[in-house]
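Here is a short walk through the fold below. Have a look at it first, and then let us go through the sheet, the helices and the cores together.

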Amino acid sequence: MRVRVTTALGLTAATLLALPACSTEAKPAATPSVRAGNPAAADQVGAPLSPAALEARLLDEEDLGSGYTRTPERPARHQDVTVLGCPALNELGGDAATGGSLDFPRTAKTSFTYTGGRSSQVSEELYSDTADRLSGGTGRIFDAMTGCPEYQVLTGSTAIAVTTQKTTAPRLGDEQWSLLLTLSAGGQDSVVKQTAIRTGTVLLIVSGTPALIDRHLDTALAKATATR
């Protein structure tokens with residue numbers, strides 16, 4: 001993962017275009033829980049995992065249940081992203097755009113559309129690096145985003161107004177971050193939840209419709225940190 005402002009805000013632009021104005025409500029499901037100090041995560045304290053190993057730990061349709069369809073990966077788009085009203089995010093983007101130190105090369109990701117009502121989306125990203133690099137890079141992004149309660153993102157020809165709210169993350173793994181973003185563009189509003197959990201050398205990030213994130217977080221973390 002190249003941790004830059006376009007990564008931190010990638011869910012902003014992509015999710016705004018993909019999510020409807022009204023989020024789908026999903027009833028909580030009974031899922032396995034991985035709490036801090038769980039022995040199942042013991043293998044995450046060693047060397048970083050390969051992209052292939054991360055790929056095998058991603059959620060699939062069987063994990064999520066009925067009503068979920070894998071979203072085809074969009075071709076990479078290299079667009080200029082400008083942030084207005086948040087100097088910290090501007091600084092973060094400039095550093096990464098020049099190949100700065102915030103770089104997680106071991107990554108795997110997937111996303112799904114849920115059609116059990118209005119279409120909603122959940123995406124998952126797994127990264128692996130040293131614990132210090134994962135901690136520092138992720139904390140820097142979340143601090144920058146939550147440090148600016150309101151700002152605007154210009155990506156290509158799209159202008160997106162963003163408001164952020166730091167939320168309490170569940171006490172899972174070694175470190176946790178969570179926030180809510182309200183995205184507004186073209187008269188459409190969407191609420192996106194993003195939660196990140198670091199366990200040793202593995203970082204899990206789930207983003208999308210808040211109800212779906214709450215429903216599947218424990219399952220995603222259990223699979224991401226399972227002993228293989």
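## Sheet, helices and cores

In this predicted model, helix α6 lies across β4, β5, β6, β7, β8 and β9, at about 35° to β7. Contact means heavy atoms within 4.5 Å; axes are lines fitted to C-alpha atoms, for helices over the stretch in contact, with angles from 0 to 180 degrees between N-to-C directions. Helix α7 (residues 210-224) also packs on the sheet, touching β1, β3, β4, β7, β8 and β9, and its direction makes about 160° with that of β9.

Helices (H or I, at least four residues) and strands (E, at least two) are DSSP runs, numbered from the N terminus. Residues are numbered from 1 along each chain as its sequence is written. Local features need pLDDT of at least 70, side-chain atom pairs count only at pLDDT 80 or more, totals for chains, interfaces and linings use all residues, and side-chain values use heavy atoms, leaving out hydrogens and water.

What is the strand order of the open sheet? Its nine strands run β1-β3-β4-β9-β8-β7-β6-β5-β2, with antiparallel pairing; two strands pair if DSSP finds at least two bridges between them. The edge strands are β1 (68-70) and β2 (81-84). Seven bridges join β4 (residues 120-128) to β9, and S128 stands opposite V202 in β9.

Now the nonpolar cores: sets of buried Ala, Val, Leu, Ile, Met, Phe, Trp, Tyr and Cys residues joined through side-chain atoms within 4.5 Å, where buried means under 20% relative accessible area (1.4 Å probe, protein chains only).

| Core | Size | Residues, among them |
|---|---|---|
| Largest | 25 residues | L89, M145, Y151, V162, L181, L203 |
| Second, separate | 22 residues | L54, Y68, F112, V206 |

Notes. Buried means under 20% relative accessible area, exposed over 50%, partly exposed in between (1.4 Å probe, protein chains only).
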